[in-house]
Amino acid sequence: MPKNICAKVIALAAIVSFLSLHAAHAQNQPVGIVPPLSSSQTSQPPKPQAGAVTTGNGIEYHGGPVMLGPHNVYFIWYGGWSGDTATTILPDFINGLNGSPYFNTNTTYGDNTGDIANTISVAGQFFDNYSQGSSLGSSGVFNVLSSALNSGSLPTDPNGIYLVLTSPDVTEGSFCNTYCGYHTRTTLNGTDIKYGLVGNPATQCNANHAGPRCSIQAVTPNANEGADAMASVITHEVNETITDSDLTAWFQSNLGGEVGDLCNFNFGRMFFTPNGAFANVTLGAKNYLIQQNWVNDSGGFCAFIFNQQSKMSLNFVPVTPCRVADTRNANGPFGGPILSGNTTRGFAIPASACNIPSNAVAFSLNFTVVPPGKLSYLTAFPCGEPQPLVSTLNSDGRIKAVAGIVPGRTTDGSVCVYVTEDTHLVLDIDGYFVPSSNTGSMAFFPVTPCRVVDTRQPAGPLGGPTLAGNSTRTFPILSSPCNVPATAQAYSLNYTAVPRAPQLSFLTTWPAGQSQPLVSTLNASTGAITANAAIVPAGTNGDVNVFVSENADLVIDINGYFAPPATGGLSFHTLSPCRVLDTRQFTGAQPFVGQFDTYVFGTGCAAPPIAQAYVLNATVVPQQPLDYLTLWQPETSRPLVSTLNASDGAITSNMAIVPIQNGTVSAYAPQSTHMVLDIFGYFAP
């Protein structure tokens, strides 16, 4: 069964191309083949324990063992490493992987005894000063390893991963010609030992090398080209070692290779570091550019983060909009004091007065900030997770509201909020998500974005006249041309207010037939056209009510609805909040005008190919007044709807549930703007 030796040209975000070089693995030699499994192994595999992952998603399990953990990494620094910062960078890298969202991708693999744990650490290091000379032959790496173990310089550890790291002047076999590194196994002192080679490409096959190269950028995140390139190769080889430790566990039979090969030199979404290098992950205090790993879930895909909670299918339960927290009130868990700049505060949503059950996993919320001055940004995320590089809203000092679907901490449903400057926060809820097995919970049915209401049009149930201030109007959603069925029990809507007065203090929406709740949906304190998303329960006859404090026109668009599970219905899956796109990070940092397509699936944010709708937060940074931004799926014509408006030229955000196909989202802006897209979850069958 020959295994893939990756050597193909791949594009790095359309910026650079290179020859990717990794040996998939080897048996006591850098390049080898694995004997085919016996008939007994293939026809009668051992029965897995309950919960053990042995089902493949784009990769196959062949019955052999994995390394469940602990994963003890031993570095053998071979050659001359004196004064090289790699000796600090690479141990920091390994320890940064421990418990990280990145290393959690490996927990989607198991064997017949259990699943891989999200644990890894540097357990020991040894410096070998050219004991085999500066040229390691076919047996040199093995000799370096056996010498370190037989001399007692390193322990003989069945949970060990021994990596021989060569200094820039050391050559080894086909390093830089066929591979950048490899992993294999042997038996020493009666112990099954996993080991490998990772070469330093800083001089032999660096970013400026005319031939094959293992480093793709000369300027690197930690200012050490060799070490930064080795970090990605280490990732590749460690991931493959723990998922295919004896070369008989997880790999593709059709030459696709192991987990690292399936994502070979695939980096996904990247960002610039302060020194101008590309990176895609932050571990501890350092940035790195490392290849993604194959996630054995939801059909299989490459990603650099994974959250086990994403595996859970969730359905929606609407509630009458309810106020969870208001920091303008007296001090308390859901009151004051004001949120202090550069701090994080958690709100345990199920403990609020809104009767949210403890089994709620994620919440449909509305965040309203009342800052005394500028608020650079607010970020909402599940408490207990590292603060992600995403934002929920921005304010230039005005009251602003943005909707968001945010997971809570698994233990108590707490949602955390980080703010850059002091601000008051008002938090409202209109529903929550529970495991789809819960009776009465509802599935999501996406629809092509469609305009339901526009009061600027001639008078009618879904048209004019302008809404009168300090009054309520009822809209019959089911009578719109958007083909929403009577089974719908909640709507995913986008409200756009066009104030006809100097300001619109607030707009509130809720189910018809119920009393007006003490909540708000959006604010337009400067009189600017303002949009915000909302999931609104259907009221009497499927209608919804809208109250405005001052005269305003109103536009309502729909992108889906929630109804009892049926054919075509989708469940929600949470993601660790993740930045999909920031056009300010592109080379040249040019804004766009017109249509701009984003391949969300390829960014590494763990949205799988089975996703049929994304939950995004869109932020525009316009270069001039921006009439509107529209998000939709590119396989269809651009619909007559809008996602947000920034006619005053201000940085503006809004949540959008975008039905998609083929993992791509289209955006259209009639004027020049930068755009940031963050993802919080997806809907899938």
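A charge counts as sitting over a ring if NZ of Lys or CZ of Arg is within 6 Å of the ring centre and within 35 degrees of the ring normal. Select Arg638 and Tyr668 to see such a case, where Arg638 lies over the face of Tyr668 at 3.6 Å from the ring centre.

This is a predicted model, in which local features need pLDDT of at least 70 and side-chain atom pairs count only at pLDDT 80 or more, while totals for chains, interfaces and linings use all residues. Residues are numbered from 1 along each chain as its sequence is written, and side-chain values use heavy atoms, leaving out hydrogens and water.

Turn next to the ring pairs, for which rings of Phe, Tyr and Trp (its six-membered ring) must have centres within 6.5 Å, with planes under 30 degrees apart called stacked, over 60 edge-to-face and the rest tilted. The whole structure holds 27 aromatic pairs. Select Phe93 and Tyr288, whose ring centres are 4.8 Å apart with planes at 55°, so the pair is tilted. Both Phe93 and Tyr288 are buried (under 20% relative accessible area, with exposed over 50% and partly exposed in between, using a 1.4 Å probe and protein chains only).

Move on to Phe444 and Phe562, another tilted pair, with centres 5.1 Å apart and planes at 50°; these two residues are also buried.

Finally, select Asn315, which is buried, with a relative accessible area of 3%.
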